[in-house]
Amino acid sequence: MDLEQRRLEVRNEALGLEATYQQPQGLRLPAASFRTQFGLVVERYTAGNRKSWDSLVNVGKNSSFLFRRDYMEYHQNRFYDCSLMVKRNDELIGLIPANLCSDGQVTSHGGLTYGGIVIRKDATLRDSLEILE
């Protein structure tokens with residue numbers, strides 16, 4: 001059991017929550033990171049990226065409090081987080097709040113009222129299209 005999973009169990013016990021959502025058995029997670037055809041690097045969110053994630057949420061063009069990690073992690077006992085961070089030249093330009101479903105599909109985060117890509121204030125249409133690609 002890794003440290004992040006143990007932290008989640010301790011939190012759930014303290015809050016009186018019955019179950020901790022586990023990665024569905026037999027499913028493979030998407031790669032931890034990959035490079036797109038446009039040179040963007042897409043990385044899976046980890047707890048070590050929380051400060052960077054929240055910093056972009058605070059100044060994002062289309063952001064709201066729903067995308068802050070403290071809000072999203074309220075649902076961590078029900079959803080296996082599979083959020084993504086998009087970088088260009090080591091600079092964070094976009095976020096994709098997501099979770100892994102039991103059928104192996106990655107989808108917009110189920111614990112949020114709405115989802116989609118969060119982009120920087122200075123992001124261009126080209127940036128948005130490249131992130132979507």
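Predicted model: local features only at pLDDT ≥ 70, side-chain atom pairs only at ≥ 80, totals over all residues.
## A buried arginine

Arginine 120 is buried, with a relative accessible area of 17%. The cut-off explains the label: buried means under 20% relative accessible area.

Which residue meets the side chain of arginine 120 in a salt bridge at 2.3 Å, N to O? The partner is glutamate 91. This pair links distant parts of the chain. Arginine 120 sits in the loop between strand E8 (118-119) and H4, while glutamate 91 belongs to strand E5 (residues 91-96). The two are 29 residues apart. Glutamate 91 is partly exposed, at 45% relative accessible area. Arginine 120 also forms a salt bridge with aspartate 122. There the closest N and O atoms are 2.8 Å apart.

Side chains of opposite charge can pair when their charged atoms come close. In this model the count comes to 9 salt bridges.

One of them joins arginine 88 to aspartate 127, with the closest N and O atoms 2.6 Å apart. Arginine 88 lies in strand E4 (residues 84-88) and aspartate 127 in helix H4 (residues 125-132), so this pair ties together parts that are 39 residues apart in sequence. Is aspartate 127 buried or exposed? Aspartate 127 counts as buried, at 11% relative accessibility. Arginine 88 is partly exposed, with a relative accessible area of 22%. Elsewhere, salt bridges link Arg50, Asp54, Arg68 and Asp70 in a network.

## The overall fold

How many helices and strands does the chain have? The secondary structure comes to 4 helices and 8 strands. Along the sequence, their pattern reads α-β-β-α-α-β-β-β-β-β-β-α.

The chain has 133 residues, and 40% of them count as buried. Its accessible surface comes to about 8,100 Å². Carbon and sulfur atoms account for 51% of that surface. Now take the contacts between residues at least 6 apart in sequence. Of these, 58% join residues at least 24 apart.

## Nonpolar cores

The largest nonpolar core has 12 residues. Among them are Tyr45, Trp53, Phe67, Met72, Met85, Leu112 and Val118. Helix H2 (50-59) and E5 each supply at least two residues of this core. Which element gives the largest share? That is H2, with 3 residues.

A second, separate core has 9 residues, including Leu40, Val86, Ile117 and Ile131.

At 63% relative accessibility, leucine 125 counts as exposed. Aspartate 127, by contrast, counts as buried.

Terms used:
Residues numbered from 1 in each chain as written. Heavy atoms only, no water. Salt bridge = Lys/Arg side-chain N within 4 Å of Asp/Glu carboxyl O. Buried < 20%, exposed > 50% of the residue type's maximum accessible area, 1.4 Å probe, protein only. Contact = heavy atoms within 4.5 Å. Areas by Shrake-Rupley, 256 points an atom, 1.4 Å probe, with all protein chains shown as cover. Core = buried A, V, L, I, M, F, W, Y, C linked by side-chain atoms within 4.5 Å.
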